[in-house]
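Please go through the briefing below with the structure open beside it. The points are grouped by topic.

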Amino acid sequence: MSAVRNEIRFLLNDREVRLSHVGASDTLLDHLRLDQMLRGTKEGCAEGDCGACTVLVGHLTGDGLRYDTVNACIRLLPSIDLCHVVTVEHLRGSDGRLHPVQQAMVDLHGSQCGFCTPGIVMSLYALWMQNVDPSGEEVEVALQGNLCRCTGYEPIVRAALDAARRGDRALDVLTAERTDTVERLKSLNDQCRVVLKKEDETAILPVDADDLAAVLLDVEDPTIVAGSTDVGLWVTKFMRNISPAIFIGHLDDLKTVKVDDAGVTLGAGATYSDCESVIAERFPHLTEFWQRIGGWQVRNMGTVGGNIANGSPIGDTPPVLIALGTTITLRCGDTRRTLALEDFFIDYGKQDRQPCDFVESIHIPFPQDEVHCAAYKISKRKDEDISSVCAGFSISLKDGVVGEARLAFGGMAATPKRAPKAEEALRGNAWTEQTIRAAMAALAEDFSPITDWRSSAEYRAKVAANLLMRFYLETTQTGTPVKLSA
Ligand SMILES: Cc1cc2nc3c(=O)[nH]c(=O)nc-3n(C[C@H](O)[C@H](O)[C@H](O)COP(=O)(O)OP(=O)(O)OC[C@H]3O[C@@H](n4cnc5c(N)ncnc54)[C@H](O)[C@@H]3O)c2cc1C
Ligand code: FES
Ligand code: FES
């Protein structure tokens, strides 16, 4: 067994913090506001939606030190081990002056009541560091996870564009202290398994994937926590006891993103942001779709593995990954098994997973033939919203005739699911309006959707069929669906 440490260690702005009395469900936001008295970071929704609690979390990667914006309200405190947490208080220069991003917000009237402002400043600060010349669209993506109810976004976007021209990034506090921060973080890492106890709660941070496999064989009824963008809400909204919680978001060997001749293989712990560029390059039809999952903070935390493992019927990635023929590998101890993603989902809340299993990797194959692919998300808001219906389509065409067809939907059944009857209506038939209309009709045999507060059953059935027509029109008229070459 790995050596054990009973405390977490991290850097908070310019200070080192060590904590041993940490519960599995303690949030970073409560720690900042209640224990550290850093009240610049606000609490709005406590569910990852409004961005008032945005802070930066830096961690060491193979390439150095990377900072991401995260929602402190659903980021659980144990997961901060060996990280650098940066709050809005750290932006003040040693001379006490405002940061260039803050000054731009003042000069361009980007704040009224000011409640959202620290969170917006943190998102814009992260953008300012990463992108010296952002477009309006890039600013909007950076602000997807920040809600402002009174100022309106126009002055905020103007401030962001103006801030890009202000200040010297080389003199910025995180740049100036970078080498020192890297050394400090390295010195905190003693390669130990971390075990934390507070009252009746236990949190465990394994050292690596092998250690995770060992912990899962040992611990009864654990909750695996990756990015905590689902689990965090179980804590803040449902007061659920997640102990014993096994944290995996820090495990580098679960974060790999590999490309070879066969396809793309994602470690289950890779966040949406970790794999965004590879997904956009290799599966370009998913580029916009990917940016519509959560907001920037959620994509920096949430993992594809978590989106699959939660078994939700409305998760966005399962339908589009099923359409691409994705397989997943589950691991229990040293035993691995690989299955088609659609076979993982058995029924509502029931997946093909034993207590000792964890999702280790997700393999998205490149197609053997030329295929047409599309991914659609239907939701009430364009950004930061859960799908009413989500669809992934992939068909091969030869001489105008459909070969293989994979049509998968979310929001239409108790699990993400393929549409066998509609697929059958396509296979072997000419790619014509008549064929697509037959597939649209067959869809009624594949699904009996439900009505809930997101949409009615009738709406879901109608929109799902219409998405097939849209796919047909786009392949035959505007060419929007992307061709993936073998
Ligand atoms: C504001 C907000 C917006 C969101 N928007 C979207 C959206 O647009 N589309 C969408 O699909 N989802 C959305 N979500 C939901 C969530 O972000 C995703 O489901 C995300 O992918 C979950 O990943 P995670 O790493 O945070 O999982 P966690 O919350 O850490 O875990 C989720 C579940 O998966 C299990 N788990 C995690 N990793 C593994 C593993 N490797 N092996 C076995 N079990 C594992 C956990 O035990 C838990 O049951 C949103 C959430 C929030 C808070
Ligand atoms: S408080 Fe709203 S996202 Fe955290
Ligand atoms: S300034 Fe009031 S919510 Fe944004």
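The charged end of Arg169 sits over the ring of Trp128, 4.5 Å from the ring centre. Arg240 likewise lies over the face of Trp234, at 4.0 Å from the centre of that ring. A charge sits over a ring if NZ of Lys or CZ of Arg is within 6 Å of the ring centre and within 35 degrees of the ring normal.

This is a predicted model, in which local features need pLDDT of at least 70 and side-chain atom pairs count only at pLDDT 80 or more, while totals for chains, interfaces and linings use all residues; side-chain values use heavy atoms, with hydrogens and water left out. Residues are numbered from 1 along each chain as its sequence is written, and chains are lettered from A and ligands numbered from 1 in the order in which they are written.

**Aromatic rings**

- The structure holds 10 aromatic pairs; rings of Phe, Tyr and Trp (its six-membered ring) pair if their centres lie within 6.5 Å, and planes under 30 degrees apart count as stacked, over 60 as edge-to-face and the rest as tilted.
- The pair of Trp431 and Phe471 is edge-to-face, because the ring centres are 5.8 Å apart and the planes stand at 65°.
- Trp431 lies in the loop between helix H16 (420-426) and helix H17 (433-446), and Phe471 lies in helix H18 (residues 457-478), so the pair ties together parts that are 40 residues apart in sequence.
- Helices (H or I, at least four residues) and strands (E, at least two) are DSSP runs, numbered from the N terminus.
- Trp431 and Phe471 are both buried, where buried means under 20% relative accessible area, exposed over 50% and partly exposed in between (1.4 Å probe, protein chains only).
- One aromatic cluster is formed by Tyr376, Phe393, Phe409, Trp431, Phe447, Phe471 and Tyr472.

**Helix H5**

- The buried residues in helix H5 (residues 153-163) include Pro155, Ile156, Val157, Ala159, Ala160, Asp162 and Ala163.
- These buried residues of H5 pack against helix H2 (100-107), helix H3 (117-130) and helix H4 (136-142); contact means heavy atoms within 4.5 Å.

**Ligand 1**

- Of the 36 residues around ligand 1, those that come nearest are Ile224, Ala226, Thr229, Tyr272 and Thr303; a residue is near a molecule or strand if one of its heavy atoms lies within 4 Å of it.
- Strand S9 (223-225), helix H9 (231-236), helix H13 (304-309) and strand S17 (358-365) each supply at least two residues of the shell around ligand 1.
- A polar side-chain atom of Thr229 lies 2.6 Å from an oxygen atom of ligand 1, and a backbone N or O atom of Gly227 lies 2.8 Å from an oxygen atom of the ligand.
- A polar backbone atom of Asp385 is 3.3 Å from an oxygen atom of ligand 1; a polar contact is a pair of N or O atoms within 3.5 Å, and within protein one must be able to donate a hydrogen and the other to accept it, with residues adjacent in sequence counting only if both atoms are side-chain atoms.
- Ligand 1 taken alone exposes 980 Å², and the protein buries 95% of that; accessible areas come from the Shrake-Rupley method with a 1.4 Å probe, and for residues only the protein chains shown count as cover.

- Gln351 is in strand S16 (residues 350-351) and counts as buried at 18% relative accessibility.
- Not counting residues up to four places away in sequence, Gln351 touches Ala309, Asn310, Gly311, Phe344, Phe345 and Ile346.
- Asp81 is in the loop between strand S5 (64-71) and strand S6 (84-86) and is buried, with a relative accessible area of 9%.
- Leaving aside neighbours within four places in sequence, Asp81 is in contact with Arg5, Glu7, Ile8, Arg9, Val194 and Leu205.

**Backbone**

- Most residues other than glycine have a negative phi, and most peptide bonds are trans.
- Leu82, in the loop between S5 and S6, has a positive phi of about 65° although it is not a glycine.
- Asp221 is not a glycine either, yet has a positive phi of about 50°.
- Asp221 is in the loop between helix H8 (209-218) and S9 and is exposed, with a relative accessible area of 65%.
- The peptide bond from Ser243 to Pro244 is cis, with omega near -5°, and Pro244 lies in the loop between H9 and strand S10 (245-247).
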